[in-house]
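This report describes selected local features of the structure shown below.

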Amino acid sequence: MHLVHATVLAGECVLPLVPALAATFPGAGLRRGSTVVVDAGAGVGAGAGAGVGVGAGVGVGAQGAVSLALLLATGASGAGSWCAVVGVPDLGLVAAAELGARLDRLALVPHVEPRQWVTVVGALLDSVDLVIAHPPAHLRDGDARRLTARARERGTTLVPLRPGRAWSEGADVRLTVTGSRWEGPGAGDGHLRSRRLDVTVGGRGSAARPRRLQLSLPVGAVGAVGAVGAVGAVGAVGAAFAGADADRLPDGPIERIRTAG
Amino acid sequence: MTRTLAVWCPDWPLVAAGIGPDVPAAAFHANRVIACTSAARAEGVVRGLRRREAQGRCPELVVEHHDPARDARAFETVVGAVAAFTPRVEVTRPGLCALATRGPSRYFGGDEALAARIRFAVDERLAGRCGCRVGVADGPFAATLAARRDLIVAGGATAAFLAPLPLRLLDEPELVDLLGRLGIRTMGAFARLPASEVTGRFGTVGAAAHRLARGEEDRALASAVPRPDLAVQVALEPPADRVDTAAFAAKSLADGLCATLAAAGMACTCIRIEAETEHGEELSRAWRHHRAFTPAAVAQRVRWQLEGWLAGQQQCGCLPAEGCPGGSACPNPVGGTTGGLTLLRLVPEEVDPDRGRQSGFWGGSTEADERAAQGLARIQGLLGPHAVVTAVLGGGRGPADQVRLVPWGEPRLPARPGPGSPTADGGAGAAVATGAGAASPPRSRSSARASVVRARSARPGTRVRTSGRSPSPTEQPTWPGRLPSPSPAVVPVDPPPVAVVDAAGVAVGVTSRSLPTNPPARVSIDGGPWEDIDTWAGPWTADERWWDPTDRHRRARLQVVLGDGRAYLLSLEGGRWWVEGVYD
């Protein structure tokens, strides 16, 4: 492959992202070989029930990290890249499809024993384009570093999902959900319709300066995510909403990118 | 042009049905006679007659239904008798088979001798149920006509044999009809027309028919060649106790196998790797390749499979466990292998014609697909074939019902029919309605449809009793009572229990009219502390599979949003609440 591609185009260095997130990332995409940690901050679901773990899954935290990780896979799988999810047996696949992920390009390895986790993620880094992985409780820092290096070498994006203490450093981009608000239900009427996610973007290099991002995840519009800030993104969302019912649109265009501090 | 011998057993459908020639009987397909006995023929029954007319001509006619499978099964005895003379026998249809005589005739002393022997062998096998007829001529078509007359046409005399025969034997009704109106009624007359003129006027169909009439048929017999046993094996001496050694042996074995297959223009898409250890353990697993196995791919699979077997599966089987020295010193290991491999066998399970492959430039299958397939197969080798799955969405009401996990490499078919991709249910902010869709079990087809129509317009909060009517194949079920989009991003495999109470601390239930007994105010997830509910929606109730007492589910689903912004999908079944989904 490398013999054939004498030059690598800039567009091939990134995996496509959904418009709402693209504006946040340098190069308007997920750089191949980078490590993007998706985590939930202490601000959300800080209530006592938040950390209750269920089996080997990601638990009943409800902070929004899983949706955010699925959103990263949506853009990549929609463009035909292969994605894999490791160690998340309780992933809601209907939700993944509703966000726009292509399920035939989304391989799942739900149950992995902790001692085989590194091997499995390593093998996936060799073969697919995006790996979302929920690490076991006590992942060694050395293993995390090795996987980051392997991802960089193989040009695969690694997304540690709620990694706990692992990857506390060494991530290129760190997306932390700091707030989540649902709209739709009242006192027994309506149903969940849309949510706002407050995301803090941090990391290294061009992502080093922390920014705050407000994402609106509307319901119904497959493959579309509420616009944030950029005019182009708003246009894309408008197009994606063309087929959806008007009453499913988010209530108001309040999204914008703010710089923290 | 192949010198061909045809064996014809007249009225085979009736012979296969066990009806003798002296009983007036006929086999029917689509209300037309397709075969009849000679007794029936004597009464005036002919092929193509309607059943009523045939019965009119011969009132005592025994009516048999056409059963091609039975005919073919019964004909196997005849084919077996013929195959004793040559392995290459073409079964043209049940009742007629053909073989090329070149080799057998020279061996048995000429066409006449061969025909006599075959006739004798087949008659012996049929034991008087039917008199077979044998014909020899140039080409299968002429040989079939010769067999009808029990005739051996000398080599080169086929055109003269065919010339007086009527054209309708060509089995081209339109062409024969047209030629008849042009005054051409025999094969000879047709054969005398210049070939180029026939091609120009009648096209390829006419040209093919002209070749038949000239006795110059060039169709090769589609004779069945017995399938060779493709499995290859190698005995490992001394026993291979390292994966490398076994994988190396597998590589050379796979080289031979793939060369054999390639020489036949075939490719293997599913291979079974079997191994035996010195202690007689047999290990076997089938591997599927989405395209075709190459020797390197086979060797890779052998390596992965042996790694999976040899590494890590071994567990301590000592009872009690305290006395075990542990690790490799354990005297009673369970699982894994106990000795080196002595035998390695590759069995191609599915072999397809090799059509080659070409990677797509845009779309289609790409190098990335191949890379992904290889990696996923590797993980299957490590963790087992069911460890790597992809999801297929189907119909269903709950978030877990709609998903079917398919092991990687198997066909992706949904568990239940349903709309291809999930869409949001209609209905904006309807107050909890009751009863509208609570139809009684459908009594008639029309009432069943009415209940479905009512249920389809149901809004969230409407109670839906599912209809027992199965949808027609073209109609996709809509799964009324399905939760509206968005769906929970986390669906716990093992749902934790949850307690739901109202402001006064009284447990919340759902009435038979789909209303909460009291407004939910606080929840406690999995025994945790009480948390306030900010807003809530529902309940959605569904009485699923109520006609099946063993598989019946009555569920009420409730969406709750807690004070700090977390949202859950709770479901009530059997008087207890569970966290069915987490809107993570």
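How many salt bridges does a search of the whole structure find over all chains?

## Basis of the description

The model is predicted, and local features need pLDDT of at least 70, side-chain atom pairs count only at pLDDT 80 or more, while totals for chains, interfaces and linings use all residues. Residues are numbered from 1 along each chain as its sequence is written, chains are lettered from A and ligands numbered from 1 in the order in which they are written, and side-chain values use heavy atoms, with hydrogens and water left out.

## Salt bridges

Over all chains, the search of the whole structure finds 32 salt bridges, a salt bridge being a side-chain nitrogen of Lys or Arg within 4 Å of a carboxyl oxygen of Asp or Glu. One of them joins R196(A) to E183(A), with 3.1 Å between the closest N and O atoms. This pair links distant parts of the chain: R196(A) is in strand 10 (residues 194-203) of chain A and E183(A) in strand 8 (residues 173-183) of chain A, 13 residues apart. Strands (E, at least two residues) and helices (H or I, at least four) are DSSP runs numbered from the N terminus. R196(A) has a relative accessible area of 8% and is buried; E183(A), at 17%, is buried too. Buried means under 20% relative accessible area, exposed over 50%, and partly exposed in between (1.4 Å probe, protein chains only).

In chain B, the side chains of R119(B) and D150(B) form a salt bridge with an N to O distance of 2.8 Å. Here too the pair links distant parts of the chain, 31 residues apart: R119(B) belongs to helix 6 (residues 111-126) of chain B, and D150(B) to the loop between helix 7 (140-148) and helix 8 (158-162) of chain B. R119(B) is partly exposed, at 24% relative accessible area, and D150(B) is partly exposed at 35%. The side chains of D71(B) and R70(B) also meet in a salt bridge, at 3.7 Å from N to O, and both residues are buried. A network of salt bridges links R397(B), E544(B), R555(B) and E573(B).

## A three-strand sheet in chain B

Which order do the three strands of the open sheet in chain B take? The order is 3-2-4, with mixed pairing; two strands pair if DSSP finds at least two bridges between them. Strand 3 (32-36) and strand 4 (62-65) of chain B are at the edges with a single partner strand each, so one side of each has no neighbour in the sheet. Neighbouring strands of this sheet are turned against each other by 40 degrees on average, direction ignored. Axes are lines fitted to C-alpha atoms, for helices over the stretch in contact, and angles run from 0 to 180 degrees between N-to-C directions.

Strand 2 (residues 25-29) of chain B runs antiparallel to strand 3 of chain B, and four bridges join the two. A27(B) stands opposite A35(B) in strand 3 of chain B.

## Helix 5 of chain A

Helix 5 (residues 141-154) of chain A has 14 residues and spans 20 Å from its first C-alpha to its last, close to the 20 Å expected at 1.5 Å a residue; the expected span is 1.5 Å times one less than the number of residues. Its buried residues are D143(A), A144(A), L147(A), T148(A) and A151(A). Seen down the axis, the buried residues fall within an arc of 140 degrees, so they line one face of helix 5 of chain A. The arc is that of the directions from the helix axis to the C-beta atoms.

These buried residues pack against helix 4 (114-127) and strand 7 (157-160) of chain A, contact meaning heavy atoms within 4.5 Å. R145(A), R146(A) and E153(A) are exposed on the other side of helix 5 of chain A. Just after this helix, G155(A) takes a positive phi of about 70 degrees.

## Backbone details in chain B

Most residues other than glycine have a negative phi, and most peptide bonds are trans. The peptide bond from E237(B) to P238(B) is cis, with omega near 0 degrees, and P238(B) is placed in strand 8 (residues 232-240) of chain B. The bond from S485(B) to P486(B) is also cis, with omega near 0 degrees; P486(B) is in the loop between strand 16 (464-465) and strand 17 (497-501) of chain B.

D526(B) is not a glycine, yet has a positive phi of about 55 degrees. D526(B) lies in the loop between strand 18 (522-525) and strand 19 (531-544) of chain B and is partly exposed, at 38% relative accessible area. R545(B), not a glycine either, has a positive phi of about 50 degrees. The place of R545(B) is the loop between strand 19 and strand 20 (553-562) of chain B, and its relative accessibility of 37% counts as partly exposed.
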